[in-house]
Amino acid sequence: MQELPTLSIAPMQDVSVLPLWRCLERRGGPDLYVTEYFRVHRDSIPEKKILRTIHGMSDRKPVVAQMIGNDPEYLVRTAQQIEAQSDCIGIDVNLGCPAPKVCGKQAGGALLKNPELIRRIACDLREVVKGRLTLKTRIGFESPDEFDDLLELFASLPIEGLAIHGRTVMERYQSPVHTDCIARAVSMLPYPVTANGNIVSTATAVAMQQQTGAAGLMIGRGGIRNPWLFSLVRDALSGQVTRRPTLRDLQSYLIELAEEIAAEAAVESNTKLVHRMKKFANYISSGINGGIFHNQLRRANSMEEFHSICQEHLSSDEPMPEDPLEDGKLFCGFGELINESATI
Ligand SMILES: Cc1cc2nc3c(=O)[nH]c(=O)nc-3n(C[C@H](O)[C@H](O)[C@H](O)COP(=O)(O)O)c2cc1C
């Protein structure tokens, strides 16, 4: 029988955090967790919050730590510190973040314009990283035409894997995903390639797997929206049919997620909690009741209000919608704001 692809949860700043990971894990969860990025600059030290996230999961499932930065010396120092202070199984470097403040500092997606710096970063890190060294990229900065040159570069780097978000940096988060580029990478690169971008259902996961042949599938927003997705995809890829989660299941997940977030020392007040929950709810509410649920949640001012809106829209045994569609588009309405304020 063909081996199943490795399923991972994508790194997502402020949302792919331990409370979410715990909710995912109780529902089967991914095979691999990737942290949000550690910011790396001259004076940085590894963020304690992300180290705690690694500690909270690494005894159950493998965790990879992601870093963002552009100076090989500081990246080397930080990778050593992260490996010394956690049980992560590897280090990943972000080559895809499109946030203006990040790209303005020549980090994240802007590194794709500087192949020689990518080479130095990978070679210097390879000298010190004890675990797996991987990169997470997009298919170019401005145009998919850049991808062939990037592929030649990636093929020559001393890394153990490459995750590809199949869009350019300029395409940000909503355009169609260039699966043909990912398929080319799979056939050309001497190490496993992970496909990423708009996997939101079993159908989109199976299509991505068939179109690219990737060794891994990385799921971001779709995993926040549907925490059962990893198990559902595993079942679909091995030919099993499983019960679709209901709206009531979704409501239980939201209650559990709020409890997990409240249990974090940093979130003590009701106002802070509702603010944090809205970040997740953005992804969870899309596709339900034609946007009404989404708009109501955005206006909630307290957790009591948040839960009563959920009760109104989710207390039903209807299956949750398969795709997060609004106006026929995935994740319409909020994709453009993602990462806008991210910094390094
Ligand atoms: C809120 C948010 C934060 C993100 N933060 C990161 C990050 O820290 N590092 C990274 O490599 N990508 C980050 N991404 C990009 C995702 O890892 C992923 O590549 C992208 O969302 C496409 O996958 P998806 O369609 O499955 O969500 C972020 C995406 C979102 C939505």
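Predicted model: local features only at pLDDT ≥ 70, side-chain atom pairs only at ≥ 80, totals over all residues.
User: Which way do the residues of strand β8 point?

Analyst: In a regular strand the side chains alternate between the two faces of the sheet. In strand β8 (residues 216–219), Gly216 and Met218 point one way, Leu217 and Ile219 point the other way, and all are buried. Strands here are DSSP runs of E with at least two residues, helices are runs of H or I with at least four, and both are numbered from the N terminus.

User: Which strands pair with β8, and in what sense?

Analyst: Two strands pair if DSSP finds at least two bridges between them. Strand β1 (residues 6–9) is joined to β8 by four bridges and runs parallel to it, with Ser8 standing opposite Met218. β7 also pairs with β8 in the parallel sense, over three bridges, and there Ala195 stands opposite Leu217.

User: In what order do the strands close into a barrel?

Analyst: Eight strands close into the barrel in the order β1-β2-β3-β4-β5-β6-β7-β8, with parallel pairing. From one strand to the next the twist averages 25°, where axes are lines fitted to C-alpha atoms (for helices over the stretch in contact) and angles run from 0 to 180 degrees between N-to-C directions. In total the chain has 14 helices and 10 strands.

User: Across which strands does helix α7 lie?

Analyst: Helix α7 (residues 179–188) lies across β6 (161–165) and β7 (193–196), and runs at about 170° to β7.

User: How should I read the overall dimensions and the contacts of the chain?

Analyst: The radius of gyration is taken over C-alpha atoms, and the globule rule is 2.2 Å times the number of residues to the power 0.38. For 344 residues a compact globule would have a value near 20 Å, and the chain, with 19 Å, agrees with this. Buried residues make up 47% of the 344.

User: Which residues other than glycine have a positive phi?

Analyst: Most residues other than glycine have a negative phi. Among those with a positive value are Gln106, with phi near 60°, and Arg172, with about 55°. Gln106 lies in the loop between α4 (100–104) and α5 (115–128) and is partly exposed, with 15 other C-beta atoms within 10 Å. Arg172 lies in the loop between β6 and α7 and is likewise partly exposed, with 17 such atoms within 10 Å.

User: How many residues surround the ligand, and which are the closest?

Analyst: A residue is near a molecule if its C-beta atom, placed from the backbone, lies within 6 Å of it. Here 24 residues surround the ligand, the closest being Ala10, Pro11, Met12, Gly220 and Arg221. β2 (32–39) and α9 (221–225) each supply at least two residues of this shell.

Technical notes
Residues numbered from 1 in each chain as written. Buried ≥ 20, exposed ≤ 12 C-beta atoms within 10 Å, placed from the backbone. Contact = placed C-beta atoms within 7 Å.
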